[in-house]
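Subject: Structure for you to look at

Hello,

Here is the structure I promised to pass on. Please open it and keep it in view while you read my notes below.

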Amino acid sequence: MADHIWACDETRMENFGWFEPWFGADVDKAERLKRSGMIASASLLGVARPVSEYPLCTLATRGTPKGGKHLVSFENRNVMVSDRMAEVLSEFDFGDGGLVPTSICKRGRSGEVCELGFGMHYLRIAARKKTLRPTDSVGVTRFLNPENGITLESGPEIWNIPNRSRIKPDDLAFDRACLDGPDLWVEAGVPVSLFISDRLAKTLKREKLHTRFELLRCRVVS
C-alpha cells in the first residue's frame, strides 16, 4: 500500500494563461466574472458546480499554442488541461467530478467569435477529504484572527501551510484514510488547491506530464 500522497500547486503563476470563459455575447463582463468565479471557487472547495454551468467556448485573449499547454490556470483560478492530459486523468477516480470539454476560440476584428480548431478541458473537482494530521506535520498551524473575533473555540478549522519555498517533502502528514476514494481531491481547511494519489503521480511522471503540478510528496501515517 502506498505510503505517500502528493500535494499540487496547479494554479501557480508559471501556469497562467490568457483565457476567458465565454458564456455568450449577451453576458456582460460583470456577469461573466461572477459565473467564472462560481465554477472556479466550487472546484477549489471540492464541491463543483453542475456541468451545465461550464462554458462550451473559452476565449484565448492572447496568443496560445495550437492544442494549448498541458495545464493552464487563468481567470478566477479556473484550470484547463490538454487533450493528452485529459486522456491520462480520465483513467482515474474523480469522485463526482471530472473533465468538461470546451472549444478554444478567439474574437475576430469585427467582434465575432471563431473557433481555433482545438479544445481543452476544465478540471472539475468534486471530492473533498479531511485527513490532514496537523500535529504530525511540520510547520502547520491553526488559522486564528482575534481582530475579527476568530478564536480556537469559534473559528473554522483552517490550517496555515508553510510557503512552498520553506516546506520540504514529507513535512505534511495525512491519515491513512486519504488513500480511500478519489485519486484527485481537496482537503477541508487546507489552502492547497489539490491532492492526488501516489498511483496518479506515478502515471503523470511516466507520461512526463507532472511538472505543471509542482508535486510535493506527503507522508501517510497510521
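**The largest pocket**

β1 (4–8), α1 and β12 each give at least two residues to the lining of the largest pocket. Some terms first. Helices (H or I, at least four residues) and strands (E, at least two) are DSSP runs, numbered from the N terminus. A pocket is an open set of points on a 1 Å grid over the protein atoms alone, with protein on both sides within 12 Å along at least five of seven lines; a cavity is a set of points where a 1.4 Å probe fits but cannot get out; lining residues have an atom within 4 Å of a point.

This is a predicted model: local features need pLDDT of at least 70, side-chain atom pairs count only at pLDDT 80 or more, and totals for chains, interfaces and linings use all residues. Residues are numbered from 1 along each chain as its sequence is written, and side-chain values use heavy atoms, with hydrogens and water left out.

The largest pocket holds about 420 Å³ of space. Its lining has 22 residues, and R77, V190, P191, V192 and S193 are the closest to its centre. By class, 14 are nonpolar, three polar and five charged. Here Ala, Val, Leu, Ile, Met, Phe, Trp, Tyr, Cys and Pro count as nonpolar, Asp, Glu, Lys and Arg as charged, and the others, Gly among them, as polar.

**The cavity**

The whole structure has one cavity of 30 Å³ or more. The largest cavity has a volume of about 120 Å³. A volume is the space filled by probe spheres set on the points, with grid points joined across faces, edges and corners. α1, β5 and β7 each give two or more residues to the lining of the largest cavity. α1 gives the most, with four. The lining has 15 residues, and S43, L44, R77, V79 and L123 lie nearest the centre.

**Helix α1**

Helix α1 covers residues 29–45. Which of its residues are buried? They are R32, S36, G37, I39, A40, A42 and S43. Buried means under 20% relative accessible area (1.4 Å probe, protein chains only). These buried residues pack against β2 (19–22), β5 (78–81), β7 (113–124) and β12 (184–187). Just after α1, G46 takes a positive phi of about 75°.

**Confidence**

The protein chain averages a pLDDT of 89. pLDDT is the predictor's confidence in each residue, from 0 to 100. In the chain, 92% of the residues score at least 70.

Best wishes

Conventions:
Expected span 1.5 Å × (residues − 1). Buried < 20%, exposed > 50% of the residue type's maximum accessible area, 1.4 Å probe, protein only. Contact = heavy atoms within 4.5 Å.
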